[in-house]
Amino acid sequence: MRRRSGVILAAIGLGLAACGGEAKAPDGAWQSQMREVRMAVRGSEDDPMITRRLTAYKTYIGKATGLPVKLYESSDYNGTIQALSSGQVDIATIAGGGYANVDAQIGELAQPILTVRQAEGDIGYYSGLLVMANSPYRSIQDLKGKTLGYVDFNSTSGYLFPRAVMREQGIDPDTFFGRSSFAGGHTQAVMALDNGQFDATIINMGGGDPEHGFTTGAHFTMARRGVVDLDDFRIIWTAGPIPNSAVVVRTDRPQPFIDAVRGAMAALPYDDPEVWRDIGQPDGATFTAVTREHYAPIIKLRADDIAARRSGERQ
Amino acid sequence: MRRLILAAGAVLLSAAQAQAPTLPLRIAEVGPAAGPCAPLPANAPAGQKAYYQLLAERLQTEVLNCPVTDAGAAAQALAAGQVDMARLDGAAYGAVSDKTRSVLITRSRGALNRLPVVVSALKSSKAESLADLAGASLVFGGPMQAAHQAPRAALRSYGADDGFFGAQRVAQDYEAAAAQLRNGEAQAMVLHAGAWQKLCRGDQPGEDLCADLKVLWRQRQVADQAWAVRLDMTDDWRFRLIGIHVAMHNEAPDAFAWAAGPDAEEYEPTEAKALIHQGPTVGS
């Protein structure tokens, strides 16, 4: 069933990860309008267990809204972006760059409502330029003419944001590196680096800062799974902080749905800390309410990047 | 056939609910005199009107103001089903904790989340609880607010103020704190839960880097005041109320300024029993 659904939905970039929830009769008028909650979640290649753990999350949201919940797992950034933009899903968790793409497509029909605030109070994360520890590269300047793997055209930390920071620092990423290409995901980027396909790659990092080091990110998760060894890598440059991923809703859904799902998600770390951990959120962190304004710098970065490409100013 | 029956049932249920009158939301407000629930008077402050109007629009129901004389009376009215929301303190909530729960607090400007705090010791330590740490030396996991001031406040709310412990030191970060605990420079370590998680989560599958440590205490700071609702409030209303309030500083600043007060940055959800201790207090 799962494979068949994936095939059916592949054309629009979505795989149906877990169909339906406990069938419940809608409780009121807005529930009758909605019938079900369709949530897009980004599949985690470096943590395949996350889909199984999302079952409890689905149950929690189902109980909170009184509606069956369908989780749509997307294998790439574009799948989530298009699902939200087309209205195939009602709500999605999406990085700033992805939301900027959605915003460019449907504007006010999508609205960020929540982002994660870490225990330390910050609401951002970082891009990290990763090289092999046994390589001679010690700074970004050492990578002139070398190969670089980006994550995805829609990735905030793995493409948009670090490129802008490089330009601010006098490095034109389109001419400075010898060759660059997209790995397709953070995990793929780390794997490609490990396999020698790139000299360096840029991925997301969190749970710390450049001064104190990081504790979360694709290569950390992969190391915990035993896929790679942390000691094989070195971080030689960082950019950030970048606004954390947003929970984005379709604004053409009933306002009571938006309020209920926002309330349920905001209450999650207090009402059910186990489920909070299950969805990959750190202890001590919470959701905090945001608006489009919070992502305005990312929206501008993306628009500038596309405009420069169209004008031929950038590759 | 089964689907058809279910669908028909859902339609009938929806129709019945559509005809049912929507109950008002009744908010307790402490003032000089008690009185029956009523719409806000015309001379109510503009911010209060904005707050009530926001709730009325978003909950699609009438919002009534219910004058009570103090938090205790508000708690009793809440438990008795005479009001639906009331701002309570610990004493007022404690008397009705079997019928009500806290849902929201206000977070002050610059303050952190109500962080869970973890106090740990070596597994070989004789200490088994916070009470056993009277006079013990402590190490905190860093000088930052999340690592030092916030955990101290959580400990104080359980009676463990500075005088309860022995010598206290502040390490550079959580890893340095763990090193000091392990080499005997402190008898217990205080971290926020996020730091504890980072410290203990290994890089390999199933690896526990804190197998040599034991948790003696894990709590959040007890809240001074919180908005509370009855336990039998529907999930729909409770979560909608939370969803409206946590975004109010963005969506309705005038309403937020009146409802949350001048020092508040935003509303923050709480666990059900945020107003009372979740374990024994210590100290004098």
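Q: Why is the link between Cys200(B) and Cys210(B) called a disulfide?
A: A disulfide is a pair of cysteine sulfur atoms within 2.5 Å. The S to S distance of Cys200(B) and Cys210(B) is 2.0 Å, so the pair qualifies. This is a predicted model, in which local features need pLDDT of at least 70 and side-chain atom pairs count only at pLDDT 80 or more, while totals for chains, interfaces and linings use all residues. Side-chain values use heavy atoms, without hydrogens and water, residues are numbered from 1 along each chain as its sequence is written, and chains are lettered from A and ligands numbered from 1 in the order in which they are written.

Q: What is the handedness of the link of Cys200(B) and Cys210(B)?
A: The link is left-handed, with -90° about the S-S bond.

Q: Why is Cys200(B) called buried?
A: Buried means under 20% relative accessible area, exposed over 50%, and partly exposed in between (1.4 Å probe, protein chains only). Cys200(B) has a relative accessible area of 10%, and therefore counts as buried.

Q: Which residue is joined to Cys37(B) by a disulfide?
A: Cys66(B) is the partner, with S to S 2.0 Å. The link is right-handed, at 110° about the S-S bond. Cys66(B) is buried, because its relative accessible area is 2%.
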